[in-house]
Amino acid sequence: MTHTILRLPAAKFESGYSRSTIYLRISQGLWTKQVSLGPRCVGWPAHEVAALNAARIAGRSDEEIRALVLKLEAARKAAA
């Protein structure tokens, strides 16, 4: 599996969300937290963005998406 990290413009394009909506969803637990790439640079793993998009397309509830976010973030820690 390729480990591509999407910077904010690419994450916005892939999700259709604006910058403020992405950060709002992070605060609501509906989007994974960003990965630090440097002092002023962040991004999101492409497979996480794809999983969140698929969950929305499938009509998952906010609670189901929150559970998915927790699972995705736990998988990050397990991979480290």
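**View 1. Surface of the protein chain in a predicted model.** The protein chain exposes about 5,200 Å², and 58% of this comes from carbon and sulfur atoms. Accessible areas follow the Shrake-Rupley method with a 1.4 Å probe, and for residues only the protein chains shown count as cover. This is a predicted model, in which local features need pLDDT of at least 70 and side-chain atom pairs pLDDT 80 or more, while totals for chains, interfaces and linings use all residues. Residues are numbered from 1 along each chain as its sequence is written, and side-chain values use heavy atoms, without hydrogens and water.

**View 2. Fold of the protein chain.** The protein chain holds 4 helices and 3 strands (DSSP runs numbered from the N terminus: helices are H or I, at least four residues; strands are E, at least two). From the N terminus on, their order is β-α-α-β-β-α-α. The radius of gyration is 12 Å, close to the 12 Å given by the globule rule for 80 residues, so the protein chain is as compact as a globular protein of that length. The radius is taken over C-alpha atoms, and the rule is 2.2 Å times the number of residues to the power 0.38. The C-alpha trace spans about 35 × 30 × 25 Å along its principal axes.

View 3. N53 lies in helix 3 (residues 46-57). N53 counts as buried because its relative accessibility is 17% (buried is under 20% relative accessible area, exposed over 50%, partly exposed in between; 1.4 Å probe, protein chains only). Leaving out residues up to four places away in sequence, N53 touches E14 and S15 (contact: heavy atoms within 4.5 Å).
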